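This report is for a reader who is new to the structure shown here. Please look at the sequence and the model first, then read on.

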Amino acid sequence: MSGPCRDSPPHDSPPHDSPPHDSEGCGAGRWRHLAVEEGNHALSRRGHAPFLRGPAPCRYFRFRRQRRGRPGRDRRRRDRERSKGWDAAAGAVAGAAAAGWLYLRQQKERQRRSRRLRQLRQLALGQGDFQLRDSAGAARSKADFLGRWLLLYFGFTHCPDVCPEQLERLSRAVSLLERDPALPPLQPLFVTVDPERDDEAALARYLRDFHPRLLGLTGTPEQVRAAAAAFRVYVSAGPRDADGDYVVDHSVLTFLVDPDGLLRDCYGSSRTAEEVARSVRGHMDAYEPLPPEGGQ
């Protein structure tokens, strides 16, 4: 029987709901249609041009994706909190260790200072002590000058050139320091190493040409030798000539003694008066008196 099949629709009948076939295969047009609708929906929601993509994932998979990202953030937050806790603990331990170290250091420094003060007191009692007489005949010892700075020089009145030069330098250094009224008083002293010829009257005549406060000291040969030995001063009398005159060889040093009776510095013949004055000023500025015997 010729003609179209009874079950097939006629050619002029309206099409079914299914999309027409095309060259891309059965059903391809339907997926393109869904993509276009999804793109139009994205344009209406987001305000940008549509693009072709597959169907949007359901809410369940979106929820799973969000849940999958949370543990990482939580872990990082816990790590940060744990790190802050460790930092705080480490800081506390370091602070306690530093405090303990400072305490031990201060205690050790106090012990060292206490030993040093005992040693300085012992030195002050015996270092550079002397028992002599001044140009007026009054007995003098180092204890009489405690509380004052001293510039002390050993020499003799018959010295041809070295001693006058050193006394001129000492006198000028004292004058430079006296220009500053804020500085403590400084007492210049001249101790003879030739007691046989340098009696009280000879010292008074000789020292008249130098600083007006320069005080001369003399004594018996034994006392003079003991005073020179206390300051480690070399003294040696030379041979006498036909007239009985002689020269005394001795160390050319000027000593600085602080108010506690401690030897602070000494200056050789190469130092100028300005250098001596500058050094004495530095010692005066840095001076700290020894505390009393009971205090530390």
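## Basis of the model

This is a predicted model, in which local features need pLDDT of at least 70, side-chain atom pairs count only at pLDDT 80 or more, and totals for chains, interfaces and linings use all residues. Residues are numbered from 1 along each chain as its sequence is written, and side-chain values use heavy atoms, with hydrogens and water left out.

## Overall make-up

The protein chain has six helices and nine strands. Both are DSSP runs numbered from the N terminus: helices are H or I with at least four residues, strands are E with at least two.

The protein chain holds 296 residues, and 31% of them count as buried. Buried means under 20% relative accessible area, exposed means over 50%, and partly exposed is in between, with a 1.4 Å probe and protein chains only. A contact means heavy atoms within 4.5 Å. Among contacts between residues at least 6 apart in sequence, 67% join residues at least 24 apart.

## Aromatic pairs

Rings of Phe, Tyr and Trp (its six-membered ring) pair if their centres lie within 6.5 Å; planes under 30 degrees apart count as stacked, over 60 as edge-to-face and the rest as tilted. The count by this rule is eight aromatic pairs. One of them is Phe130 with Phe145, a tilted pair at 6.3 Å centre to centre with 45 degrees between the planes. Phe130 lies in the loop between helix 2 (59-126) and strand 1 (131-134), and Phe145 in the loop between strand 2 (139-141) and strand 3 (149-155), so the pair ties together parts that are 15 residues apart in sequence. Phe130 and Phe145 are both buried.

Phe231 and Phe255 also pair: their ring centres are 5.3 Å apart and their planes are at 50 degrees, so this pair is tilted. Phe231 is in the loop between helix 5 (221-230) and strand 6 (235-237), while Phe255 is in strand 8 (residues 254-257), so the pair ties together parts that are 24 residues apart in sequence. Phe231 counts as buried at 8% relative accessibility, and Phe255 counts as buried at 3%. Elsewhere, ring pairs link Tyr153, Phe190, Tyr206 and Phe210 into a cluster.

## A charge over a ring

Arg197 lies over the face of Tyr246, 3.7 Å from the ring centre. The rule asks that NZ of Lys or CZ of Arg is within 6 Å of the ring centre and within 35 degrees of the ring normal.

## Helix 3 and helix 6

Two packed helices are described by the angle between their axes and the distance between the axes. Helix 3 (residues 162-178) and helix 6 (residues 273-286) pack at an angle of about 50 degrees, and their axes are 8 Å apart. Axes are lines fitted to C-alpha atoms, for helices over the stretch in contact, and angles run from 0 to 180 degrees between N-to-C directions. Helix 3 and helix 6 are therefore oblique to each other; angles under 35 degrees count as roughly parallel, over 145 as roughly antiparallel, 65 to 115 as roughly perpendicular and the rest as oblique.

On the helix 3 side, Arg169, Arg172, Ala173, Leu176 and Leu177 meet Ala273, Glu274, Val276, Ala277, Val280 and Arg281 of helix 6. Glu275 is also in helix 6 and is partly exposed, with a relative accessible area of 30%. The C-alpha atoms of Glu275 and Ala173 are separated by 8.3 Å, although these residues are 102 residues apart along the chain.

## Two loop residues

Asp180 is in the loop between helix 3 and strand 4 (186-192). Asp180 is partly exposed, with a relative accessible area of 25%. Its C-alpha atom is separated by 9.9 Å from that of Arg281, 101 residues apart along the chain.

Arg232 is in the loop between helix 5 and strand 6. Arg232 has a positive phi of about 60 degrees although it is not a glycine, and it is exposed, with a relative accessible area of 70%.
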